[in-house]
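Please keep the sequence and the three-dimensional view at hand while reading.

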Amino acid sequence: MAQASGCIFCRIVAGEIPSDMVYQDPEVIAIRDIRPQAPLHVLVLPRTHLVSLAEVDAAQAPLLGRMLLVVKQVAEEAGVTQGGYRVITNIGRDSGQEVPHLHWHVLGGRPLGPLVSRGL
Ligand code: AMP
Ligand code: ZN
């Protein structure tokens with residue numbers, strides 16, 4: 001399994017750092033965000049280290065599809081599908097990506113407001 005030394009999400013995958021894991025399979029895990037922005041704030045990520053969508057290609061298409069199905073399952077199990085929810089992935093500097101290990105944010109449980117802020 002490809003891991004990056006020093007990557008916090010690789011360390012969570014390896015069990016070196018504790019997490020509140022809500023889903024796991026051989027390829028994908030889902031953890032609660034440590035600084036939740038909404039009642040539901042879960043991160044869905046691959047066990048293997050990929051920095052972001054920027055470094056994904058067609059070889060990862062099946063993995064990406066499975067991750068989105070996990071996103072959907074997490075939302076269904078949290079009971080937010082009727083109210084709606086938001087799925088976000090940050091890529092690089094302008095997005096504000098903090099952790100350079102591909103992940104989807106799954107946010108819901110309250111009205112989420114505008115899609116983006118007007119800046120810092
Ligand atoms: P991003 O800015 O898209 O890279 O988002 C990174 C997210 O990871 C942020 O929402 C952080 O709160 C979250 N985060 C950072 N460290 C941890 C951790 N140890 N466990 C769970 N979530 C974390
Ligand atoms: Zn990583």
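**Strand pairing and ligand sites**

Leucine 40 has glycine 108 as its bridge partner in strand 5. The model described here is a predicted one.

**Strand 5 and its partners**

- Strand 3 and strand 5 run antiparallel and are joined by five bridges.
- Strand 4, which comprises residues 85–88, also runs antiparallel to strand 5, and four bridges join the two.
- Within this second pairing, isoleucine 88 stands opposite histidine 105 of strand 5.
- Strand 5 spans residues 104–108, and five of its five residues are buried.
- The cover extends to both faces of strand 5: Trp104, Val106 and Gly108 are buried on one side, and His105 and Leu107 are buried on the other.

- Strand 1 (residues 21–24) and strand 2 (residues 28–32) are antiparallel and are joined by three bridges.
- Tyrosine 23 is paired with alanine 30, its bridge partner in strand 2.

**Arginine 47**

- Arginine 47 is located in the loop between strand 3 and helix 2.
- Is arginine 47 buried or exposed? Its relative accessible area is 14%, which is under the 20% limit, and arginine 47 therefore counts as buried.
- A polar atom of the arginine 47 side chain lies 2.7 Å from the backbone oxygen of aspartate 25.
- Arginine 47 and glutamine 24 are 23 residues apart along the chain, and their C-alpha atoms are separated by 9.3 Å.

**The zinc site (ligand 2)**

- Which residues coordinate the zinc ion (ligand 2)? The donors are Cys7 and Cys10, each through SG, together with His49 and His101, each through ND1, at 2.0 to 2.3 Å.
- The spacing of these donor residues in the sequence is C-x2-C-x38-H-x51-H.
- Why is the arrangement around the zinc ion (ligand 2) tetrahedral? The four donor atoms subtend angles of 105 to 116°, and four donors count as tetrahedral because all their angles lie between 85 and 135 degrees.
- For comparison, the ideal angle for four tetrahedral donors at a metal is 109.5 degrees.

**The surroundings of ligand 1**

- There are 16 residues around ligand 1, and those that come nearest are Asp33, Asn90, Glu98, Val99 and His105.
- A polar backbone atom of glutamate 98 is 2.8 Å from an oxygen atom of ligand 1.
- A polar backbone atom of glycine 96 is 3.4 Å from an oxygen atom of ligand 1.
- Histidine 103 contributes a polar side-chain atom, which is 2.9 Å from an oxygen atom of ligand 1.
- Ligand 1 taken alone exposes 510 Å², and 90% of that is buried by the protein.

Methods. Residues numbered from 1 in each chain as written. Chains lettered and ligands numbered in written order. Predicted model: local features only at pLDDT ≥ 70, side-chain atom pairs only at ≥ 80, totals over all residues. Heavy atoms only, no water. Donors = N, O, S within 2.8 Å, 3.2 Å for Na, K, Ca; no water. Tetrahedral: all angles 85-135°; square planar, octahedral: opposite > 155°, others 65-115°. Pairing = 2+ DSSP bridges. Near = heavy atom within 4 Å. Polar contact = N/O pair within 3.5 Å; in protein donor to acceptor, adjacent residues only side chain to side chain. Areas by Shrake-Rupley, 256 points an atom, 1.4 Å probe, with all protein chains shown as cover. Buried < 20%, exposed > 50% of the residue type's maximum accessible area, 1.4 Å probe, protein only.
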